[in-house]
Amino acid sequence: MKDDCLFCQIAKGKIPSTTVYEDRHFRVFLDVNPASKGHCLIVPKEHFDNVYDLDAETAGKLFSLATCIARAMCDALGCDGLNIVQNNGKIAGQTVFHFHLHLIPRYEGDGVNVTWTPHESTSEELEKIRAAIRKEI
Ligand code: AMP
Ligand code: ZN
């Protein structure tokens, strides 16, 4: 636990949150400034800065929990869709540097924007990038 980390404090219950679920490994609570009604955050109790830090076991448990929470949100909120978002690094929009998953319910006409502009690419470019990533796996 990092004493100066907001989500460590929330995850351990030292700072209050609107918790919808908690177990030994995770706390799920409502985002205090939601993108839409019912926006939830899934936060591991152990501190990880970002996705690069996360161990495989935690990652597996986390996504399994995410499917369960997503279904519960869908049933409870009657949303029309749901985005799962996870930001790593300032440039990617990360503001709290303790790994967390956003579950953002979507409603017709909600104005939430998690899309991007698609760019053109060549097959040579794609192949070069594929090979570079493949080498590191
Ligand atoms: P990110 O920008 O991906 O790091 O997401 C951080 C999220 O944490 C933002 O959506 C904030 O609204 C949310 N947040 C910050 N402080 C709190 C808090 N005390 N309780 C609940 N959510 C928070
Ligand atoms: Zn932390």
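## Close-up views of a predicted model

View 1. Which residues of α2 are buried? They are Thr58, Leu62, Leu65, Ala66, Ile69, Ala70 and Met73. Because these residues cover an arc of only 155° around the axis, they lie on the same side of α2. The buried residues of α2 pack against β1, β2, β3, β4 and β5. The helix runs over residues 56–77, which makes 22 residues, and it reaches 31 Å from its first C-alpha to its last. That is close to the 32 Å expected at 1.5 Å a residue.

View 2. Thr58 belongs to helix α2. With a relative accessible area of 14%, Thr58 falls under the 20% cut-off and so counts as buried. If we leave out residues up to four places away in sequence, Thr58 touches Phe26, Pro44 and Phe48. Now turn to Lys14, in the loop between α1 and β1. Is Lys14 buried or exposed? Its relative accessibility is 57%, so Lys14 counts as exposed. Apart from neighbours within four places in sequence, Lys14 is in contact with Met1 and Gln9.

View 3. Strand β1 (residues 19–22) pairs with β2 in the antiparallel sense, over three bridges. The two strands form a hairpin with three residues between them. To find your place, look for Thr19, which stands opposite Phe29 in β2. Strand β2 (residues 26–30) also pairs with β3 (residues 40–44), and here five bridges join the antiparallel strands. Four of the five residues of β2 are buried, so this strand is mostly covered.

**View 4. Strand β5 and its two partners.** How many bridges join β3 to β5? There are three, and the two strands run antiparallel. One pair to look for is Leu41 with its bridge partner His102 in β5. Strand β4 is joined to β5 by five bridges, again in antiparallel fashion. Here Gly81 has Arg106 of β5 as its bridge partner. In a regular strand, side chains alternate between the two faces of the sheet. In β5, both faces are covered: Leu101, Leu103 and Pro105 are buried on one side, and His102, Ile104 and Arg106 are buried on the other.

**View 5. The zinc ion (ligand 2) and its four donors.** Which atoms hold the zinc ion (ligand 2)? It is coordinated by Cys5 (SG), Cys8 (SG), His47 (ND1) and His98 (ND1), at 2.0 to 2.3 Å. The four donor atoms subtend angles of 105 to 117°, and therefore the arrangement is tetrahedral. Along the chain, the donors follow the spacing C-x2-C-x38-H-x50-H. Cys5 and His98 link distant parts of the chain, 93 residues apart. Cys5 is in the segment before α1 (6–11), while His98 is in the loop between β4 (81–85) and β5 (101–106). Both Cys5 and His98 are buried.

Technical notes. Residues numbered from 1 in each chain as written. Chains lettered and ligands numbered in written order. Predicted model: local features only at pLDDT ≥ 70, side-chain atom pairs only at ≥ 80, totals over all residues. Heavy atoms only, no water. Buried < 20%, exposed > 50% of the residue type's maximum accessible area, 1.4 Å probe, protein only. Pairing = 2+ DSSP bridges. Donors = N, O, S within 2.8 Å, 3.2 Å for Na, K, Ca; no water. Tetrahedral: all angles 85-135°; square planar, octahedral: opposite > 155°, others 65-115°. Expected span 1.5 Å × (residues − 1). Arc of directions from axis to C-beta. Contact = heavy atoms within 4.5 Å.
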